[in-house]
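Colleague: Could you walk me through this model, one step after another? I am new to reading structures.

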Amino acid sequence: MRSLTWITGVVAFLAAVVECFTGYVSQQNFDSQWISTSGKDAFNSVGVGAFFNVMNFGQMLMWHIVLIPIALVAIIGAHVLLVRVRGVSHPIDAHPQVTGSRRLRRRAIAVADAAPWRGPNRRYDLLKEGTIASVVVLALTLGLAGLLSSPDVPPVTIATWARLAPADFLATAASELNGTSETATYGPPYNNQSGSVQKLLFSPQTWFGITQPVNAAQDFVIAPLTTLATTDPAISGPLATYKGGSAAQQLKWATAYGNAVAKVTFVNGSPVVPAAKDGPVPALMAGELTLARSGALDTDLLSQQPFYGTNFTKPLLFIEDGAYFANQAQALGLTGSQWGVMNEPGSYPGQPWLWLYTLWYQVPGWTNSANIDMIAVYMTGVATILLLGIPFIPGLRDIPRLIPVHRLIWRHWDGPAIEPAAGDSPAPEPAAGNGKASTGSADHSRL
């Protein structure tokens, strides 16, 4: 049976999809930021985000250039080897007609397909054909990249956000401080909250616990200001007052500022919130804005990560909590109901290999579900299992026979046999009752 050949081909296709996805999120431009922050919810919902962090560009790059290519080479090598050892599928309807029930006919066809091909073969030089295919693919890749590649929009940083939308930055910082932002209430793998925890019978999101700890108030506001306070007396006093207050008092100060910041005005670039004069939070937020505009907050959040500083989880979570990030994505055509993550900046062609995943977000009744990410992942998984099982599932495996698209390719499968070259042994005689052979099928002959 050639079932394993099909399965290795499907697995190679799935690995290629992951290879493409990791390539997208490794670009470190706005497109990759949007895809990673949008895609993290799907990975987190099924627990994969605990160890496969799409906002860690260094990790994604290693998957893209090392781990997945090694797996792809191994899988494709096994696939090609299986084709050479077991041969390719016989031309459809090349076997003798069997009278009797449909079950007997299917059994006879299965036995004939599993047997070695007895008809003539066409010589096939694997090295030559592989070289030609590689050149064609390379030419298509370069040509299509030049014609259809999307704009390389620079990434959003906290510094640009704070300069261009300071009111939104202050409102977001206040929501981090009072614990009402998306990140502050998210849940695993970032914290112990439950705001974004999805569940269908069970919740894999909670199985692995907190693997990428994020305390929004401490990491995004208090810790950076603590560093700033060592050199800025205007921050050290209010920060000491804030830290000296009880948890209830801190929440009261932060909530009052969060409610009043909608009326913020700026005088010489400094924020003025008339309705929130009391307490230390206005001074802290002014210091936070100054820190962000200077670019130091970007550096501080990156420095909190271990190793090489390529883990942008905290900066991206902070940026995603604000309205500025989504507004930029909408202006570039990346949002809306037109397949979400498949969109490209400026309405350029997106990633069609993601259609099976993004399809489920368009199904009425599921679109607004709180568990839509889990539904999309599970349905994609079911569809993948069906794709893997096509050789074993009656009905699905018979589709090529029922829809004769193959005739566009094998129009002359019953034509005259190709004469063997000088020095070659003649092809075996066809089996009894099977005098027709495919001259269009790939070979079983020597290289």
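**A walk through the model**

Modeller: Let us start with R103, which lies in helix α4 (residues 102-114); helices are DSSP runs of H or I with at least four residues, strands are runs of E with at least two, and both are numbered from the N terminus. This is a predicted model, where local features need pLDDT of at least 70, side-chain atom pairs count only at pLDDT 80 or more, and totals for chains, interfaces and linings use all residues. Residues are numbered from 1 along each chain as its sequence is written, and side-chain values use heavy atoms, leaving out hydrogens and water.

Colleague: Does R103 count as buried or exposed?

Modeller: Buried means under 20% relative accessible area, exposed over 50%, and partly exposed in between, with a 1.4 Å probe and protein chains only. R103 has 57% relative accessibility, so R103 counts as exposed.

Colleague: How many helices and strands does the protein chain have?

Modeller: Here we use the DSSP runs. The secondary structure of the protein chain comes to 17 helices and 2 strands.

Colleague: What share of the residues of the protein chain count as buried?

Modeller: The protein chain has 447 residues. Of these, the share that counts as buried is 39%.

Colleague: Which residue forms a salt bridge with E320?

Modeller: Side chains of opposite charge can pair when their charged atoms come close. A salt bridge is a side-chain nitrogen of Lys or Arg within 4 Å of a carboxyl oxygen of Asp or Glu. For E320, the closest N and O atoms are 3.0 Å apart, and the partner is K40.

Colleague: How many residues apart are E320 and K40?

Modeller: E320 is in helix α13 and K40 in helix α2 (residues 30-45). The pair links distant parts of the chain, and the separation is 280 residues.

Colleague: Is K40 buried or exposed?

Modeller: The relative accessibility of K40 is 2%. Therefore K40 counts as buried.

Colleague: Which residues are linked with K40 in a network of salt bridges?

Modeller: K40 also forms a salt bridge with D41, the closest N and O atoms being 3.2 Å apart. The network of salt bridges links K40 with D41 and E320.

Colleague: Which residue forms a salt bridge with D219?

Modeller: D219 is in helix α8 and its partner is in helix α13, 95 residues apart. D219 is buried, with a relative accessible area of 12%. The closest N and O atoms are 3.4 Å apart, and the partner is K314.
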